[in-house]
Amino acid sequence: MDSQGGPYLNIRALCSPLGAARLCQLAMGCAVIAMVTHNAGFSGSHGVFCMAAWCFCFAMTVVVFFLDATRLHSCLPVSWDNLTVTCAAFATLINFRIAVTACSILGAVAYGAEVALCRARPGQAVVGYMATVSGLLKVVQGFVACIIFGALANGSEYSRYAATIFCVVVYAFCFALTAVVVVMTVCGRTKAVRCLPFDRFVVVCTLLEVLLYLSASVVWPVFCFDAKYGTPWRPASCPQGRCPWDSKLVVAVFSFVNFALYAADLVYSQRIRFGSSRNPRV
């Protein structure tokens with residue numbers, strides 16, 4: 001028994017829908033890692049990425065489950081609700097990207113279930129920003145930005161023009177700004193930023209990101225696919241998998257995707273009014 005007369009262990013960490021989702025995550029993660037290392041094997045950069053993602057998600061779930069079950073998360077200087085829903089949303093995206101086996105698909109579903117269980121519902125008092133639609137969109141925006149960075153690094157020839165370099169700066173700046181918002185939220189630093197309340201600070205940042213992504217979504221296709229600067233159609237001699245034109249197309253498509261995500265984020269962030277809390281529920 002603890003000092004308040006309750007049990008030392010958090011029974012809700014086991015006997016609740018959220019606890020069941022995390023137990024499923026552990027089971028599926030363990031099964032995937034065991035099968036891959038025992039028989040299936042992995043090779044190449046994609047195989048290493050998948051294995052690293054599975055191990056990261058499994059280790060993250062073990063830590064979250066242990067801290068929640070023992071209530072030790074109350075000793076951490078972070079917002080527990082924001083941290084767990086951010087990790088679950090990130091793991092959902094990673095597993096969905098590599099869902100090539102039944103266990104990986106089930107693992108992605110389990111992480112998605114945790115996000116759904118933790119997400120703020122209409123009419124509820126909003127304490128954790130990351131549990132809102134706007135907060136979850138921040139995770140997706142960061143994930144899409146990582147896809148853009150991967151394409152840029154894959155021979156995209158972005159350094160040919162100052163305009164395309166500007167686009168890269170936009171992608172990097174918006175990713176950094178999104179990461180700052182997420183880190184501030186997870187660390188519970190949401191009372192105010194200078195003279196701005198945190199929710200207003202988020203709206204200002206999101207509006208800036210929308211405008212920057214709008215400019216990049218226009219500039220990048222022009223300087224990559226207009227006949228004056230680039231190639232409108234894929235060259236026949238371009239090697240499969242290592243074609244700069246393909247990388248430019250990926251960047252263009254996901255620029256529009258992230259622009260849409262930031263625009264949706266701006267709409268939802270108008271409705272958010274929440275109080276900050278560094279003390280998680282127990």
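Analyst: Before we start, pLDDT is the predictor's confidence in each residue, on a scale from 0 to 100. This is a predicted model, and residues 122-126 stay under 50 on that scale. The model has six contacts beyond four places in sequence for this stretch.

User: Where else does pLDDT stay under 50?

Analyst: Over residues 274-282, for which the model has 26 contacts beyond four places in sequence. Where pLDDT is low, the predicted coordinates should not be read in detail.

User: What makes a set of residues a nonpolar core, and which residues have the most contacts inside the largest one?

Analyst: The members have to be buried residues of the nonpolar kinds, joined through side-chain atoms within 4.5 Å. The largest such set here has 27 residues, and I148, L152, Y171, C174, Y213, W220 and V251 have the most contacts inside it. Helices α5, α6, α7 (198-225) and α8 (244-269) each supply at least two residues of this core, and α7 gives the most, with eight. Beyond its neighbours within four places in sequence, I148 is in contact with Y171, Y213, V251, F254 and S255. There's also a second, separate core of 16 residues, with A89, M130, M184 and V202 among them.

User: Why does C174 count as buried?

Analyst: C174 has 0% relative accessibility, and the cut-off is under 20%, so C174 counts as buried.

User: How do you know that C224 is in no disulfide?

Analyst: A disulfide needs a pair of cysteine sulfur atoms within 2.5 Å. The nearest cysteine sulfur to C224 belongs to C167 and is 7.5 Å away, so C224 is in no disulfide. By this rule, the count comes to zero disulfides.

User: Is C224 buried or exposed, and what value decides that?

Analyst: Buried: C224 has a relative accessible area of 3%, and the label applies because that is under 20%.

Notes: Residues numbered from 1 in each chain as written. Predicted model: local features only at pLDDT ≥ 70, side-chain atom pairs only at ≥ 80, totals over all residues. Heavy atoms only, no water. Contact = heavy atoms within 4.5 Å. Buried < 20%, exposed > 50% of the residue type's maximum accessible area, 1.4 Å probe, protein only. Helix = DSSP H or I, 4+ residues; strand = E, 2+ residues; numbered from the N terminus.
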